[in-house]
Amino acid sequence: MNKIKTMLLVFIILVSSAVFSDESGADKRATIYLDDEERAIVLEEMRTFLSTIQKITQGIVADDMVQVSHAAKTMGNNASAGVSLSLIFKLPLGFKLLAADTHQKFDEIAIDASSFADREHALEQTSVLMKNCVSCHATYRIDLEED
Ligand code: HEC
């Protein structure tokens, strides 16, 4: 029984990497194909990620841990609630896992900032969180699907 499950998993991974990666050009990242609206939703979330990181670092510099906590909270697990099923289906598993972990890490920054108000800790958490940004950007790119 377990063998069948493992084979099924390997099959799904092979099929999905065939669907999601198009590494033929100079850009070696895997391409995720989305429609115009879905791409705009993902990129808007990305720009919100960036402005949230800016607010967090600004809060750390100003020793305003309430600002750090509030900013981080806006990008926590509740932030991804409005994503459509069709978009969820098009995103590769690796992308979804990294995205979920990133929201989780924002929540941890929010909780710790309000519990401990420790700037150095918040800065370290932000640095670790940003490894997710770096790693996902090194792996995936988005392109418009053909219609
Ligand atoms: C789960 C994967 C993933 C994570 C995590 C992630 N990104 Fe992205 N991001 C992408 C992809 C894919 C693109 C599109 C890149 C492309 O098509 O070249 C993108 C694009 C962007 C853009 C450009 C937006 C635009 O309007 O063109 C910004 C800014 C950005 N990300 C910021 C961040 C920041 C800051 C973080 C971390 C807090 C982050 N991202 C985390 C996948 C991710």
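In the predicted model, α2 passes α3 in a left-handed crossing. The two axes come within 8 Å and cross at roughly 165 degrees; α2, which spans residues 36-61, and α3 are therefore roughly antiparallel to each other, the cut-off for this class being an angle over 145 degrees. On the α2 side the contact involves Thr52, Lys55, Ile56, Gln58, Gly59 and Ile60, and on the α3 side Gln67, Val68, Ala71, Ala72 and Thr74. By residue class, the contact of α2 with α3 comprises five nonpolar, five polar and one charged.

Helix α3 (residues 65-74) also packs with helix α5 (residues 93-116), at an angle of about 155 degrees and with the axes 8 Å apart. This angle makes α3 roughly antiparallel to α5. The crossing of α3 past α5 is left-handed. From α3, the residues Met65, Val68, Ser69, Ala72 and Lys73 meet Phe106, Asp107, Ile109, Ala110, Ala113 and Ser114 of α5. Seven nonpolar, two polar and two charged residues make up the contact of α3 with α5. Val68 and Ala72 of α3 are listed both in the contact with α2 and in that with α5.

Helix α5 also contains Thr102. The relative accessibility of Thr102 is 7%, so Thr102 counts as buried, the limit being under 20%. The Thr102 side chain reaches the backbone oxygen of Leu98 at 2.6 Å. When neighbours within four places in sequence are left aside, Thr102 is in contact with Phe49, Leu129 and Asn132.

Terms used:
Residues numbered from 1 in each chain as written. Predicted model: local features only at pLDDT ≥ 70, side-chain atom pairs only at ≥ 80, totals over all residues. Heavy atoms only, no water. Axes fitted to C-alpha atoms, helices over the stretch in contact; angles between N-to-C directions. Helix = DSSP H or I, 4+ residues; strand = E, 2+ residues; numbered from the N terminus. Parallel < 35°, antiparallel > 145°, perpendicular 65-115°, else oblique. Left-handed = near helix turned anticlockwise from the far one by under 90°. Contact = heavy atoms within 4.5 Å. Nonpolar A, V, L, I, M, F, W, Y, C, P; charged D, E, K, R; others polar. Buried < 20%, exposed > 50% of the residue type's maximum accessible area, 1.4 Å probe, protein only. Polar contact = N/O pair within 3.5 Å; in protein donor to acceptor, adjacent residues only side chain to side chain.
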